[in-house]
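Here is a set of exercises to work through with the model open beside you. Try each task before reading its solution.

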2 protein chains.
Amino acid sequence: VGVDLDLIPPNLDDLRDDTARILDALAALDHKGMYISYPVLQDISDMLRVQAWSIRTVIRAEEVIGLLPVGRGIFGVAVDVGTTKIAIYLVNLQTGDVVGKTGVMNPQIAYGEDVISRIAYCRDQKKGRCELQRVVIDELNDHIQEMCAEAEIETMQIVDMVFVGNTAMHHLLANLPVDQLVFAPYVPAVTGSMNIRARDLGIEMGSGGYVHLLPNIAGYVGADHSAVILSTELWQTTKTVMAIDIGTNTEISLVHKGRITSCSCASGPAFEGAHIRHGMRAAPGAIEHMQFIEGEIRLTTIQDQLPVGICGSGILDIVAELRAAGLMDEKGVFIEDSQYVRIGEEDRLEFLLIPGEKTANQRDITVSRKDVNEIQLAKAAIRAGQEILLAEADIKPEDVDLVLIAGAFGTYLNVSNAIAIGMFIDIPDDRFCQLGNAAGMGAIKALLSNKCRVTICDVVQKIQYIELTTNSNFQDIFLKSMYFN
Amino acid sequence: VGVDLDLIPPNLDDLRDDTARILDALAALDHKGMYISYPVLQDISDMLRVQAWSIRTVIRAEEVIGLLPVGRGIFGVAVDVGTTKIAIYLVNLQTGDVVGKTGVMNPQIAYGEDVISRIAYCRDQKKGRCELQRVVIDELNDHIQEMCAEAEIETMQIVDMVFVGNTAMHHLLANLPVDQLVFAPYVPAVTGSMNIRARDLGIEMGSGGYVHLLPNIAGYVGADHSAVILSTELWQTTKTVMAIDIGTNTEISLVHKGRITSCSCASGPAFEGAHIRHGMRAAPGAIEHMQFIEGEIRLTTIQDQLPVGICGSGILDIVAELRAAGLMDEKGVFIEDSQYVRIGEEDRLEFLLIPGEKTANQRDITVSRKDVNEIQLAKAAIRAGQEILLAEADIKPEDVDLVLIAGAFGTYLNVSNAIAIGMFIDIPDDRFCQLGNAAGMGAIKALLSNKCRVTICDVVQKIQYIELTTNSNFQDIFLKSMYFN
C-alpha cells in the first residue's frame, strides 16, 4: 500500500534523523513498528529534500520498501519463466488491472534447449550459473522497461514481483544450486516460497522491492505448477479434478476428497515441435490443426500463412487423424494404402502432409514413423502419469469430474484428438477445460494477494509427490500407453 | 553459535529439499523456527554434498548465516573507522580472544583530509559516494584477508562484523546519503543501529554474515562515540563522569545522576598534526613529548628516531611548557626574552624547538604564533564543550568525579599539561583516566554480545544531544577559553 506523508523539515528543535522522521509519521497514522528497507535508506535524504518533505511511502507488511512522489501509482510484475518461453505481466497493484503483457523467448535457449543441458553448462563452466541467471534477468529488465514506457510509468513505481517457473528455472533465476536437480533423487535446494530483494537479483525496479517466488513441489514439479494450483484453487473443490500442464515435463495433479497428489512425466519436447522432422514452435506458418474431410487433408496454419512446419497441436491432430483414417496401425506403423503414404527417405514409409509447392519454403512437409514414435513416447508418458495418480487414489478414470489443461499447447490442442490417441484418460470431452496460461494467472493472483501467497504454501506442503521413475507400475503402464486404440 | 549436524542424505523415501533437511535437523536440536540466509542458500547443495552431509551451521538468532565444515572455528571482526585511521580487530567468537589487530590509514584521505571535503567530493562526482565506500571496503577486505592468513583461518569463518565510526564514516561505509550532514541542522539519514548483509556492502566474509553498525547519536556524534559509551558503560555509574574522545571533532558526554548529555566540538585537526607548520601524525620520528628541564629543551620522539616533526601530544606539551616558562603570554603571544624565541619567516616571532642539525631532514623545527593559535582554537572548542555540558547539568567542574579520555591522542597526551593550557576542566589530574581506543573496545564488546547491542541502542535513545553552534553561551565561553591562565 502507499501512504502519503507531509513531514515537517528538521530544525534545531527537532533533530530527528530522516528515518525516524518517516517512521514517526507512519506510526502517527497507525503504522507502528515499521522499518525502512536498506536500499531505500540509500536514497532517503536526497529523496525527502527533492520532494520537499511530502512523500509517498510504499509499505509491505512492516517494511517501507519504496519512496515515491506523493500520489504516484504502484505497480507489480508477474513473471512465468518457462524453459522455452517467458510471459511477463505488468499489473496495477491498486486496481488489480493487468496494464501490460508480453511473451518472449527464454534467452537461455542459447545454452541448451532443455533444462538438463543448461544445468550441464552450469556444471562445466565457471560462473555458468551466474551467466544463465544474468541473461534471463537482462531480458526481464529490458522488457519490463519497455512495458513501463508503454504504460507511461517509471520502473521505480514497480515495487513487487512474483516469479513462477519450473524448479530448474526457479533455481536459475534465484541463482541457487542446480546440479543436484539432475542426479537422483532430484531434490531441490529450496522448495518453500522465497522473498528475495530485487536488487540482490539485479532486477531493475523500485530499490526496496522484492521478488516473491512461489514454492516448488519437487525437483520436477516447480513453482509454475504451484501457480496452476493457485489459479485453479484446486484445494477448494470437493470434486475429483485433475490439472495437467503439458510441456517438456508435464506436471499433473489430482485432487480427490480434498487430497492433492502430483507427479511429473518426462514427456519430452515433441509437442513443442522438437525432435519432429518438420516440427516447429507455435509461430506464424505453423500447421496448428489438421483434419481429413471426405478424404482430403485440411490444414490451418497460425496467422493463415503458408505452411512452414508443424507445431504441437498440429502433430497431435495428424496422428489422431491418421489413426482414425486407418492409415496407421495401433503400434503407429503406417499402412501403405493411401495416396498420402509414400516411401520416403531411407526407404521408409512417410506421410505426405502437404507437397512443397504449397509450402513457404517449397519443401514437402511430411511425417515419419519416427515422428509418430516421438508422439507415442510423449503421450504415453503423459497418460501413464494420469493412470498412476488414479491408481494411487484408488479411483477409475470415470470418477474424474473435471480435467483442467494448462499451458499454451494445452490451450490449442484438440481435446477429442488427445483423448483419441490415448494421451488423456477416456472420459467425455465436456469434462475437459482448457485454461490458457494458468501459471501466469496464478502468478498474478499471488502478486495481488499476500493471503494467496500464504495459502499456496500451506497447500503445497500438504501435496503428496509421487515419483514415477521408481513406481513399480510405471513401466508397464507406460508401455501399454504407447499403443493407439 | 555453531551447531554441527549429521544429516541423512536424500533418498527415494525422503525427498526433502536441502533447506528443509537442515532446518528439520536444527529443529530436532531445539532450534525451531529457523530460516537460512539467502546467500547461504546459493551454495547449500554443493556444500552439503562436498561435506558428505556433515556440516556446521552458524546461527544468528533465527537465521542460519553460514555453513562450515564440522568443528571449524567461528570468528568476527570489529572495525573502528576514523576519518584518519582505521583499527581492525579479529576476534574468536567462541573464546572472545582478540587474535589479530591492525591499524591502517583511511584511504579516503586521498579524497579529502576532513569529512567536509569528502562529502563535497560525493556531491560533485557522480558515483563519488560509491567510490569513497569502495576504497574503504577494499582496504578492509585486504587487511582482513591478511589477518586471516596470519591467524590461519579462512575468511568464510568470519561470520559477524561490528562497525563503528563517526556519523560521516558510518554513512559512507553503509553507502547512505551524506550531503545533508554538512548543511544545518546536520541530521543523519539513520541514527538507529543497522544490520546490513556483508555481501550488500561488498565485504568478503562468510556469505550470510552481517555487518552490525552501532547507533549514531547525532550528525556529529557518531557510532564511535556510542562505542565509547558502551565500552565505559557510562550509563551504569551513579557518579558524575565525563567521556571525551578527541579528534577533528571532539565528542563529549557527561553522565550526571544517570542522565547522559552529549555534544560535539569542532576542534579541528591541529592535534592530528594538521595546520601546524611542522606538524605531523603520530608516526616514527614525531616529537611526542617536550619538557623544559633546567631551561633546557628535552624531547622524546616516537621510536626514538631523529625528529621529523611534531605530533599532537608534542604540540600540546610545547604550548604548555612555553606558557609555564613565561615565553608566551595569556593570549599566546611569544615573549622575545629567550634564546629559543627568534624572529622567523615574515619577520614574525617563532619558537625554535630544535635546530636543523639535530633533525632527520636538516631543517629547523619551529613553532609559530599561528601554530599556537590553532591549538588555542582547538583547546577552546574542547573546553567550551565541557563547560556547556556542565552548565546544562547545572554543576561545577569540581562536581566531576572522573574524566575518561578516549582515542590515540587522548592516550598519549600529558593530562597535567592539558589541564594547564585549559583544554580540560581544572580538577585534580588523578580524576582523569586515559583509555586507549575505547571506541574499538566498544566495537569488540558489541561483537561478542547481542545484549550489548540492544543495551547501547536503548542508552543512545535516551541521550540528550546538545547542539553547541546554536547555544547562546557557546561563543562567550569559547572566546574566554582561548586564553591561557
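This is a predicted model: local features need pLDDT of at least 70, side-chain atom pairs count only at pLDDT 80 or more; totals for chains, interfaces and linings use all residues.

**Exercise 1. A buried phenylalanine**

Step 1: check its accessibility. The cut-off for buried is under 20% relative accessible area.

Step 2: take one distance for orientation. From Phe484(A) to Leu214(A) the C-alpha atoms are 38 Å apart, and the two residues are 270 apart in sequence.

**Exercise 2. The two sides of H14(A)**

Describe helix H14 of chain A: its span, its buried face, its exposed face and its N-terminal cap.

*Solution.* Step 1: compare the span with expectation. H14(A) runs over residues 450-462, which makes 13 residues. From first to last C-alpha it reaches 19 Å, close to the expected 18 Å.

Step 1: pick out the buried residues. In H14(A) these are Cys452(A), Arg453(A), Ile456(A), Cys457(A), Val459(A) and Val460(A). Viewed down the axis of H14(A), the buried residues fall within an arc of 165°, so they line one face of the helix.

Step 2: On the face of H14(A) turned away from the buried side sit the exposed residues Asn450(A), Lys451(A), Val454(A), Gln461(A) and Lys462(A).

Step 3: see what covers the buried residues. The cover includes strands E8 (158-165), E9 (194-197), E10 (210-213) and E13 (259-266) of chain A. It also includes helices H8 (223-232) and H13 (438-448) of chain A.

Step 4: look at the N-terminal end. Ser449(A) caps H14(A) there, with a side-chain oxygen 3.2 Å from the backbone nitrogen of Lys451(A).

**Exercise 3. Now try H4(A)**

Which residues of H4(A) are buried, and which helices do they pack against?

*Solution.* Step 1: the buried residues of H4(A) are Val115(A), Arg118(A), Ile119(A), Tyr121(A) and Cys122(A). They cover an arc of only 150° around the axis, which puts them on the same side of H4(A).

Step 1: the buried residues of H4(A) pack against helix H5 (128-151) and helix H6 (167-173) of chain A.

Step 2: at the start of H4(A), a side-chain oxygen of Asp114(A) comes to within 3.2 Å of the backbone nitrogen of Ile116(A).

**Exercise 4. Salt bridges within chains**

How many salt bridges does the structure hold over all chains?

*Solution.* Side chains of opposite charge can pair when their charged atoms come close. The total over all chains is 38 salt bridges.

Step 1: Arg281(A) is in the loop between E13 and strand E14 (286-293) of chain A, while Glu113(A) is in the loop between strand E7 (98-105) and helix H4 (115-124) of chain A, 168 residues away. Arg281(A), at 32% relative accessibility, is partly exposed, and Glu113(A), at 47%, is partly exposed as well.

Step 2: move to chain B. Glu350(B) is buried at 3% relative accessibility, whereas Arg342(B) is partly exposed at 27%.

**Exercise 5. Where the chains meet**

How many residues of chain A are in contact with chain B, and how much area is buried between them?

*Solution.* Step 1: 36 residues of chain A touch 36 residues of chain B. Together the chains bury about 2800 Å², 62% of it on carbon and sulfur atoms.

Step 1: two salt bridges are found across this interface. Arg197(B) and Asp200(A) are joined by a salt bridge of 3.0 Å, N to O.

Step 2: there are also 16 residue pairs in polar contact across the interface. On the chain A side, H3(A) gives the largest share, four residues.

Notes: Residues are numbered from 1 along each chain as its sequence is written. Chains are lettered from A and ligands numbered from 1 in the order in which they are written. Side-chain values use heavy atoms; hydrogens and water are left out. The expected span of a helix is 1.5 Å times one less than its number of residues. Buried means under 20% relative accessible area, exposed over 50%, partly exposed in between (1.4 Å probe, protein chains only). The arc is that of the directions from the helix axis to the C-beta atoms. Contact means heavy atoms within 4.5 Å. A polar contact is a pair of N or O atoms within 3.5 Å; within protein, one must be able to donate a hydrogen and the other to accept it, and residues adjacent in sequence count only if both atoms are side-chain atoms. Buried area is the accessible area (1.4 Å probe) that two parts lose on being put together, summed over both. A salt bridge is a side-chain nitrogen of Lys or Arg within 4 Å of a carboxyl oxygen of Asp or Glu.
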